[in-house]
Amino acid sequence: MADTSPEPPLITVVLPDEQEVTGRLHERRQTPEGWLYKVSVPAWKVQDGKVVPSWYTVWVQAPAHVKAVKGVSYKAVPTTYLEPRSPVKQTLGPRRESGWVLAKTGDRGPDRGVVHTVDCEEAPAGAPVLTWERALDTAEQQGVRLCPLCGAAAELDPLIKGFDHGFSGE
């Protein structure tokens, strides 16, 4: 059965040596760095011992490596857009990795460990990541304290002491 789908639209592809060739535009994809276009340019290949026309398909950066062909519509070209950033993410910025870790001090005295956020500079590398429930259980143990530098204290203290702590004259 013959392929009856329409041919991809023509596009001018700018080669690394600044030559321009007419190719086909198959797909467009938006990335955080800009646009990528999937194009094919005519080439040759050996098939069954004969040199035959062929297409070489590759992703290129747009608009640096492509130019629109006058009078050609690109509306039907499959296009993938980036998801728009939510206003919350735009305002708050990137989130830190979730979880906490316990740094054991090895002391037998009153200070036996410190709970840190996973991205704290003082957090031990390779320590198991604790869920918030496990971090709370650990923080409530005798001799364990919350790191005041990385935010573990600010994040977990309200859960341990209650959210009203500090508001009723305590």
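The side chains of Lys67 and Glu20 meet in a salt bridge, with 2.4 Å from N to O; the term salt bridge stands for a side-chain nitrogen of Lys or Arg within 4 Å of a carboxyl oxygen of Asp or Glu. This pair links distant parts of the chain, since Lys67 belongs to strand β5 and Glu20 to strand β2, 47 residues apart.

The model is predicted, and for this reason local features need pLDDT of at least 70 and side-chain atom pairs count only at pLDDT 80 or more, whereas totals for chains, interfaces and linings use all residues. Residues are numbered from 1 along each chain as its sequence is written, and side-chain values use heavy atoms, with hydrogens and water left out.

**Exercise 1.** Find how many salt bridges the whole structure holds, and describe the partners of each.

*Solution.* Step 1: a search of the whole structure finds 3 salt bridges. Side chains of opposite charge can pair when their charged atoms come close.

Step 1: besides Lys67 and Glu20, Glu7 pairs with Arg24, and the closest N and O atoms of these two are 3.5 Å apart. Because Glu7 lies in the segment before β1 while Arg24 lies in strand β2, the pair ties together parts that are 17 residues apart in sequence.

Step 2: Glu27 forms a salt bridge with Arg29, where the closest N and O atoms are 3.0 Å apart.

Step 3: to judge how accessible the partners are, call a residue buried under 20% relative accessible area, exposed over 50% and partly exposed in between, using a 1.4 Å probe and protein chains only. Glu7 is then exposed at 58%, Lys67 is partly exposed at 42%, and Glu20 is partly exposed at 44%. In the remaining pair, Glu27 is buried at 18%, whereas Arg29 is partly exposed at 34%.

**Exercise 2.** Work out which strands pair with β1, and whether β1 is largely enclosed or open.

*Solution.* Step 1: strands (E, at least two residues) and helices (H or I, at least four residues) are DSSP runs, numbered from the N terminus, and two strands pair if DSSP finds at least two bridges between them.

Step 1: strand β1 (residues 10-14) is joined to strand β2 (residues 20-31) by 5 bridges, and these two run antiparallel. Strand β5 (residues 66-67) is joined to β1 by 2 bridges, and this pair also runs antiparallel.

Step 2: follow Thr12, whose bridge partner in β2 is Thr22, and which stands opposite Lys67 in β5.

Step 3: 4 of the 5 residues of β1 are buried, so the strand is largely enclosed by the rest of the structure.

**Exercise 3.** Locate the buried residues of helix α3 and state what covers them.

*Solution.* Step 1: in α3 (residues 152-161), the buried residues are Ala152, Ala153 and Leu156. They cover an arc of only 90° around the axis, and therefore lie on the same side of α3; the arc is that of the directions from the helix axis to the C-beta atoms.

Step 1: the cover of these residues includes β7 (100-104), β8 (113-117), α2 (132-139) and β9 (144-146), where contact means heavy atoms within 4.5 Å.

**Exercise 4.** State which residues form the nonpolar patch on the surface.

*Solution.* Step 1: a patch is made of residues with over 30% relative accessible area and no salt bridge, with like charges joined within 9 Å and nonpolar side chains (Val, Leu, Ile, Met, Phe, Trp, Tyr) within 5 Å.

Step 1: Trp44, Val46 and Val51 form this patch, with about 390 Å² of accessible area together, where areas come from the Shrake-Rupley method with a 1.4 Å probe, and for residues only the protein chains shown count as cover.

Step 2: Val51 lies in strand β4 (residues 50-62) and is exposed at 58%.
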